[in-house]
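Me: Can you walk me through this one? I'll ask as we go.

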Amino acid sequence: QVQLVESGGDWVQPGGSLTLSCVASGFTFSDYYMAWVRQRPGEGTVWVSTVTTLGANTRYADFVRGRFTISRDNDKNTLYLQMNSLQPEDTALYFCARVPGVAPQEYDYRGQGTQVTVSS
């Protein structure tokens, strides 16, 4: 079955950086667009970024564009999210998600999430 396992979440001070990872299994990773979504405390899930199958094209939500970078390694079945210039409003549970079609914000599976906390 589809499994997505995120890691790399941590506590970081404002202005800091983190890299999240997501290891995928149970499907042909290179056949799918992949995405990151997040859920801030008390809020719903919000789309963050999507990368196409070979990593050539990426899309970002306005609130992370220029600060976050999504990438993938199809040989390792791994998705990444490099996060720079983190701010307290980036505090959230971050999930990696599989995108079943070409609509970048629609996903069918997501992992259990990894917690990112930004505070001083």
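Me: Let's start with β4 and β5. In which sense do they pair, and over how many bridges?

Reply: They pair in the antiparallel sense, over six bridges. Keep in mind that this is a predicted model.

Me: Who is the bridge partner of M34 in β5?

Reply: V51 is the bridge partner of M34.

Me: How many residues sit between β4 and β5 in the hairpin?

Reply: Five residues lie between the two strands. Look at G42 in that turn. Its phi is positive, about 75°.

Me: What about the other neighbour, β6? How many bridges join it to β5?

Reply: Three bridges join β5 to β6, which covers residues 58-60. These two strands run antiparallel. S49 stands opposite Y60 of β6.

Me: Which residue takes a positive phi in the hairpin of β5 and β6?

Reply: G55 does, with a phi near 85°. That hairpin has six residues between its strands.

Me: Is β5 enclosed or open?

Reply: It is largely enclosed by the rest of the structure, because five of its seven residues are buried.

Me: On to the core. How many residues are in the largest nonpolar core?

Reply: There are 32. W36, L79, M83 and Y94 touch the most other members.

Me: Which strands each supply at least two residues of it?

Reply: The list is β3 (18-25), β4 (33-39), β5 (45-51), β7 (68-73), β8 (78-83), β9 (92-99) and β11 (114-118). The largest share comes from β9, with five residues.

Me: Why would side chains like that gather?

Reply: In soluble globular proteins, nonpolar side chains tend to be buried together.

Me: Now charges. How many salt bridges does the structure hold?

Reply: Five. One of them pairs R40 with E43, with the closest N and O atoms 3.1 Å apart. R40 is partly exposed at 27% relative accessible area. E43 is also partly exposed, at 38%.

Me: And which residue does R65 bridge to?

Reply: R65 pairs with D62, and their closest N and O atoms are 2.5 Å apart. Here R65 is partly exposed, with a relative accessible area of 49%. D62 counts as exposed because its relative accessibility is 63%, and the cut-off for exposed is over 50%.

Me: What about R67 and D90? How far apart are N and O there?

Reply: The distance is 2.7 Å, N to O, in a salt bridge between the two side chains. R67 sits in the loop between β6 and β7, and D90 in the loop between β8 and β9, so the pair ties together parts 23 residues apart in sequence.

Me: Are those two buried or exposed?

Reply: R67 is buried, and D90 is buried as well. Salt bridges with shared partners also join R38, R67 and D90 into one network.

Me: Switching to rings. How many aromatic pairs does a search of the whole structure find?

Reply: Two. In one, the ring centres of F27 and F29 are 6.4 Å apart and the planes are at 55°, so this pair is tilted. In the other, F27 and Y32 have ring centres 5.3 Å apart and planes at 90°, so that pair is edge-to-face. Ring pairs link F27, F29 and Y32 into a cluster.

Me: F27 and F29, buried or exposed?

Reply: F27 is buried, with a relative accessible area of 14%. F29 counts as buried too, at 2%.

Me: Next, T114. Which strand is it in?

Reply: T114 is in β11. With a relative accessible area of 8%, T114 is buried.

Me: What does the side chain of T114 reach?

Reply: It reaches the backbone nitrogen of G9, at 2.9 Å. T114 also touches other residues beyond four places away in sequence, including E6, L20, A92 and Y94.

Me: Last one. Where does Q105 lie?

Reply: Q105 is in the loop between β9 and β10 (109-110). It is partly exposed, with a relative accessible area of 47%. Compare its position with T19, which is 86 residues away along the chain. The C-alpha atoms of Q105 and T19 are separated by 21 Å.

Definitions and conventions: Residues are numbered from 1 along each chain as its sequence is written. This is a predicted model: local features need pLDDT of at least 70, side-chain atom pairs count only at pLDDT 80 or more; totals for chains, interfaces and linings use all residues. Side-chain values use heavy atoms; hydrogens and water are left out. A nonpolar core is a set of buried Ala, Val, Leu, Ile, Met, Phe, Trp, Tyr and Cys residues joined through side-chain atoms within 4.5 Å. Buried means under 20% relative accessible area, exposed over 50%, partly exposed in between (1.4 Å probe, protein chains only). Helices (H or I, at least four residues) and strands (E, at least two) are DSSP runs, numbered from the N terminus. Two strands pair if DSSP finds at least two bridges between them. A salt bridge is a side-chain nitrogen of Lys or Arg within 4 Å of a carboxyl oxygen of Asp or Glu. A polar contact is a pair of N or O atoms within 3.5 Å; within protein, one must be able to donate a hydrogen and the other to accept it, and residues adjacent in sequence count only if both atoms are side-chain atoms. Contact means heavy atoms within 4.5 Å. Rings of Phe, Tyr and Trp (its six-membered ring) pair if their centres lie within 6.5 Å; planes under 30 degrees apart count as stacked, over 60 as edge-to-face and the rest as tilted.
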